[in-house]
Amino acid sequence: MGEVIVVTSGKGGVGKTTTTANVGTGLAMLEKKVVLIDTDIGLRNLDVIMGLENRIVYNLVDVIEGTCRIRNALIKDKRYPNLYLLPSAQTRDKNSVTPEQMKKLADELRDEFDYIIMDCPAGIEQGFKNAIAGADRALVVTTPEVSAVRDADRIIGLLEANEMKQTHLIVNRIRMDMVKRGDMMSSDDVCEILAIDLIGIVPDDESIVISANQGEPLVGNDSLAGRAYLNICKRILGEEVPFLDLDQKQGLFGKLFGRRKR
Amino acid sequence: MNNSVIIKGNKYGIIVVLNPDMPFEELKLVVAEKFKESSKFFENAKMAISFEGRKLSNEEQREILDIIGENTDMHIVCIMENDPGAEELFKKTVEQKLLELSNNSGQFYKGILRSGASLEFETSVIIIGDVNHGARVVSKGNIIVLGSLKGNAFAGATGNTNSFVVALDMNPTQIRIADTIARAPDKPVKQEVKETKIAFLEDGNIYIEPLNKNILQDITI
């Protein structure tokens, strides 16, 4: 029986889609059968980040409305044969789908896949309700900014109200140099406010922008962010992986002067 | 035309204005006559009744109700008490009691109040957990937060100026006690040591001070 994971955040632009793409690809790398569902109907993103836009024929709304079978709409990834994408529709809006329909769709996919990952739209309206409807587990993505943390707090409250079984936190785009100067919240500060378990810390990394533009998720490569994402995947599988030391890529000066432990 | 009894009414009830000076026995006859005349008008309406102009004993009230019953088909559902003095007394006693109850009795709430959450309590409340930014807790009595208070707290919601707010980590966006509102300073004050603090109302101002023995002695509940 597969597990349904929703990636959500409340605030836009904190990295839900990037996280979905990288965690999904990472799990596929670890030889799990994975399907990514873009539930942001009206604003397609995930297919672009995955570099699969040119393969789209059918979409989520087609499947829900019965225009095509699930099998026809699923796009096989270009790198991993056990990774699939169900893209969202661009010409429709969130109200074309109900939470019940999403739950049914997720349940149908459980038999065939190990992980069904939902990329949730920003906000707390219909799109959010659709995305969390069938989920067993939620990954809440936030950046160390007060507005993102505030929204994450609200989202966690809503997930609790909807009886989400497991909720984990990913602190994205953290900059250790700023944390050290006291100009940015540390992951500990964020955790103290939100009071849920941390499953990953991803540093702010230029290579993420580059990989997104190229449509190649960077999970598993040598960059810090790539390693951080792979660690998240391993933790999802239940492995105990220590958190990365995000200070290490600081160059000579950092190494000489920045040896203070957090 | 005899004006010693006047019937006023609407869809739901009638007010019977009685002459205070006429002997009761005579008055009864007039009442009977009046209701007989208007029985067609009322038919079998279900109504509340209230008496004005004259203080009636329970016995007298019952007699008048009997007269109405005999002369009309209407059903009197209840008698509305129309004594301003008694009402004021009831109101005062009930409010006093409720106020005491809300301050003296309390309940526990365990959990984190997250952004957007709003909880209201009839009594004092002890929250085991944090009240995060954007969350709100309202109590008619006192609020005690065993965690950090970062959102809004409103104690003494029905106007009790003796109410107070205590938090292990006091860092609220807004605190309201009775009708007084205090807000956080625009520039956040970095406090080095986290200590338990109490917010209370004195001379129309809200003060936040570390909780110590002297302050505890001044608390009235």
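Of the 221 residues in chain B, 29% count as buried. Please keep in mind that this is a predicted model.

I will stay with chain B for a moment. The chain has four helices and 15 strands. Its C-alpha trace spans about 85 × 35 × 30 Å along the principal axes. The radius of gyration is 28 Å, whereas a compact globule of 221 residues would have one near 17 Å. As for the contacts within chain B, take those between residues at least 6 apart in sequence: 36% of them join residues at least 24 apart.

Next, one helix of chain B. Helix α1(B) covers residues 24–42 and has a kink of about 35°. Where is the kink in α1(B) centred? On Lys36(B). The buried residues of this helix are Leu27(B), Val31(B) and Phe35(B). Just after α1(B) comes Glu43(B), which takes a positive phi of about 50°.

Now the interface. On the chain A side there are seven residues in contact with chain B, and on the chain B side there are nine in contact with chain A. Which element of chain A gives the largest share of its side? That is helix α7(A), residues 146–161, with five residues. By class, the chain A side has three nonpolar residues, one polar residue and three charged residues.

Two packed helices are described by the angle between their axes and the distance between the axes. For α7(A) and α9(A), the latter being residues 187–194, the angle is about 35° and the axes are 10 Å apart. Is the crossing of α7(A) and α9(A) right-handed or left-handed? It is right-handed. From α7(A), the contact is made by Val149(A), Ala152(A), Asp153(A) and Ile156(A). From α9(A), the residues are Val190(A), Ile193(A) and Leu194(A). Sorted by class, the residues of this contact are six nonpolar, no polar and one charged.

Conventions:
Residues numbered from 1 in each chain as written. Chains lettered and ligands numbered in written order. Predicted model: local features only at pLDDT ≥ 70, side-chain atom pairs only at ≥ 80, totals over all residues. Contact = placed C-beta atoms within 7 Å. Helix = DSSP H or I, 4+ residues; strand = E, 2+ residues; numbered from the N terminus. Nonpolar A, V, L, I, M, F, W, Y, C, P; charged D, E, K, R; others polar. Rg over C-alpha atoms; globule rule 2.2 N^0.38 Å. Buried ≥ 20, exposed ≤ 12 C-beta atoms within 10 Å, placed from the backbone. Axes fitted to C-alpha atoms, helices over the stretch in contact; angles between N-to-C directions. Left-handed = near helix turned anticlockwise from the far one by under 90°. Bend = angle between axes of the 7 residues up to and from the residue.
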